[in-house]
Amino acid sequence: MNTSTSEVIISHIRKPDMEIQTNEEHQLGVAKLAESFAAEFGMGECGRLLGLLHDKGKEQKEWQKYIQGVTGYNKEYSHVKNGPNHAYVGAIIAQKQYPHIAPLIAQPIAGHHRGLYDYIDYIEETKQEIPKDVSIDEAILFQLPQLPKLEKYDLHHLVRMLFSCLVDSDSLDTESFMTPEQSCLRGSQKSMPKLLKMLEKHLQKLKEKADETEVNKIRNYVQAQCVSQSQGGVGFYSLTVPTGGGKTLSSVIWALHHAIKNGLHRIIIAIPYTSIIVQTAATLKLIFGENNVLEHHSNVNPEEVKNEELRERLQLATENWNYPIIVTTNVQLFESLFSNKRSDCRKLHNIAKSVIILDEVQTLPMDFYKPITNTLDTLNRVFGTSILFTTASQPILCGRIEGANPKESFDAIHTIHEIIPPEVRLYEKLRRVKLQFIEEPCSYDEIVEMLSKHRIVLCIVNTRRDAKEIFDRLPQDGIRLHLSRMMCPAHISATIEQLKEILKTNDQPIRVVATQLIEAGVDIDFPVVFRQEAGLDSILQAAGRCNREGKYGLSTTYVYSLNKEHTLPPGFITQTNNARIAMGKNHDWFSPEAMTSYFRQLHSRIDSFDKKQIAKLLYKPACEFEQAAHQFQLIDDQTIPVIINWNDSINFYHQLITQGPSYSLMKKLGKYSVNVRRRNFKELQSIGAVEEPYENIYAIINPIFYQPTTGLTLNNQWLEETLIQ
């Protein structure tokens, strides 16, 4: 375009042909997209206004000089290296013209580059005057709709959703102009009805091959019930199915039928553990194809996708979740919903009018129960999202949640529709295990003696230290395997695959000692399981690894304590164990009634369901977006990742030394890293075991520190694992 720059306001200049996108073109393009996004939750006019105002500040003459100089379009301005802030200008115009809803419009505009502000910083930013060289176009002054009735915890999400509409629209329109070849790679996935046909075809094949067992009959019943109960309106639903009842596939059956019935656009599956994510994503990709399933979590390495175009499509989709099926982590989902950053929030508007499946919902952190349940309520009421809770151990999420401090009690979700009628009592029909509590405290040697009486047995403990102590004492006959987070992810995965193969043959003794990492998402089947004392939900998860397919009649999961060696580590695991003990002994431990009793006991031990005081930061008109984002961290990680020496890791480490860090290489090395507690890290540093080839990248390459059976060792300095692994 050879238009004189005196005649146009420039928004972007594309090299090498120096093509201009005018500011008017860009703002109209963003307005159109943002209007369509925000219309999904009834605020299309607000979305349009955001687009029309967001880059008004680019009209400043100094900004025009900057864009021409920095791109080389006009050599006269090559000395201008920094442009003036332009985001605040549209925000001030919004404040002046629309004072009754100013935060909804002005906050997203003010933060559309740097992120949403804390309120006092937002006020400071918008105290400035509108530059004289910026015009106020009367054409953009139009009547906005009345706001819906909002709860006090809705407002911050509404601001953040509109922010999401703006920043995604801004990015997409800019991408369409600057890199049109990349823009063309977005979209074009299957619709919900087409995905349902693919699923039905897969299910038909499974039924043709499946044996007519009682377990399979129950799985078929659960699937049929999911179909029949999918036709309700947008709301909260629960699929409470004992381990082995096929709830993962059934939940997707329900979600697809429900999405089609209610015009919902995508299915988002949030899972607490990466082990379950990998397994679930692999199953869904097998059914729907890789081009319809987006796996979004920290362990994904894009290079593992061989098709270059598909790889780029998937990477682009992680930016805004414009994909039919997303499999992600609880951390990614909820921390994004409380983030103030442009990159995190960009995908949020695509959560509106979707189905969210929260798998293993009992693992939601109690410290954040209030902001999480309030958020789910907002997603449902304000943004038209249906939520499905799936678990074998249904927590209390409905009604009044009461803790140790009466002032901290709060109202959670109003109504949850259970897909499987309680009177069906699936837990009785799928009963394959009984719990037996060993009354007397045990020592390591006594537990090993009990394990040695069983040819095939799994022992689950609470800490990495206990795992190694028991493993080292096991008899040498047969096969011994150890699983804990002292092993790197690649080592854990290889050991689990080895375990699955050995269990298929079943021709020699095998004894496995593991931390809680094996309790969920690992499809294994032992005739006998031992579980160190813990909360009832964890014990039942462990029991789910016992007699999974019902091949052994009625098997036993033994629950023991190691109080002869030490008490439980302080913190949440002790709270959960005490809650179970306080229930007394006369329970059918697998019943929903027992689980409800357990969670009531657990809640009574919780001082706060909003430990980081998110409500004080956000449940008000003057929202503190940045502070809240900093405080809302689901995992309080006090560890440091360290690259270790196992299998191929040394080759990747040499690449790091010679070529420097890259995104792809660090993803590979992440599979060969162990998270070390800070105190142990300092001990390792003090003896010279730790290398630091680049700033904040650490490695322990000496092979004496990494054992092929138990992973990282600290020469008699044990790492306690107080978080549930």
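Reader: Apart from its neighbours within four places in sequence, which residues is Thr-390 in contact with?
Author: In this predicted model, Thr-390 has its place in strand 8, residues 386–391. Leaving aside neighbours within four places in sequence, its contacts are Leu-239, Lys-247, Ser-251, Ile-357, Leu-358, Asp-359, Glu-360 and Val-361.

Reader: Is Thr-390 buried or exposed?
Author: Happy to work that through. The cut-off for buried is under 20% relative accessible area. Thr-390 has 1% relative accessibility, so this residue counts as buried.

Reader: Which residues lie on each side of strand 15?
Author: In a regular strand, side chains alternate between the two faces of the sheet. In strand 15, Arg-511 and Val-513 are buried on one side.

Reader: How many residues of strand 15 are buried?
Author: Strand 15 spans residues 510–514. The strand is largely enclosed by the rest of the structure, because the buried residues number 5 of the 5.

Reader: Which strands stand at the edges of the open sheet of 4 strands?
Author: Good one to trace on the model. The order of this open sheet is 19-18-21-20, with mixed pairing. Each edge strand has a single partner strand, so one side of each is left without a neighbour in the sheet; these are strand 19 (673–677) and strand 20 (691–694).

Reader: What is the average twist from one strand to the next in the sheet with the order 19-18-21-20?
Author: The pairing in this sheet is mixed. From one strand to the next, the twist averages 45 degrees.

Reader: What is the bridge partner of Val-642 in strand 19?
Author: Strand 18 covers residues 639–644 and runs antiparallel to strand 19, joined by 5 bridges. Within strand 19, the partner of Val-642 is Val-674.

Reader: How many nonpolar, polar and charged residues does the contact of helix 5 with helix 7 have?
Author: Helix 5 (residues 102–110) and helix 7 (residues 155–178) pack at about 45 degrees, with axes 9 Å apart, and are therefore oblique to each other. Pro-103, Leu-104, Gln-107, Pro-108 and Ile-109 in helix 5 meet a set in helix 7 that includes Leu-155, Leu-158 and Phe-163. By class, the contact has 10 nonpolar, 1 polar and no charged residues.

Reader: How many charged residues does the contact of helix 1 with helix 7 have?
Author: The axes of helix 1 (residues 23–38) and helix 7 come within 8 Å and cross at roughly 135 degrees, which makes helix 1 oblique to helix 7. Among the residues of helix 7 that meet helix 1 are Asp-168, Asp-170 and Asp-173. Beside 9 nonpolar and 4 polar residues, the number of charged ones is 3.

Reader: Is the crossing of helix 1 and helix 7 left-handed or right-handed?
Author: Helix 5 passes helix 7 in a right-handed crossing. For helix 1 and helix 7, the crossing is right-handed.

Conventions
Residues numbered from 1 in each chain as written. Predicted model: local features only at pLDDT ≥ 70, side-chain atom pairs only at ≥ 80, totals over all residues. Heavy atoms only, no water. Axes fitted to C-alpha atoms, helices over the stretch in contact; angles between N-to-C directions. Helix = DSSP H or I, 4+ residues; strand = E, 2+ residues; numbered from the N terminus. Parallel < 35°, antiparallel > 145°, perpendicular 65-115°, else oblique. Left-handed = near helix turned anticlockwise from the far one by under 90°. Contact = heavy atoms within 4.5 Å. Nonpolar A, V, L, I, M, F, W, Y, C, P; charged D, E, K, R; others polar. Pairing = 2+ DSSP bridges. Buried < 20%, exposed > 50% of the residue type's maximum accessible area, 1.4 Å probe, protein only.
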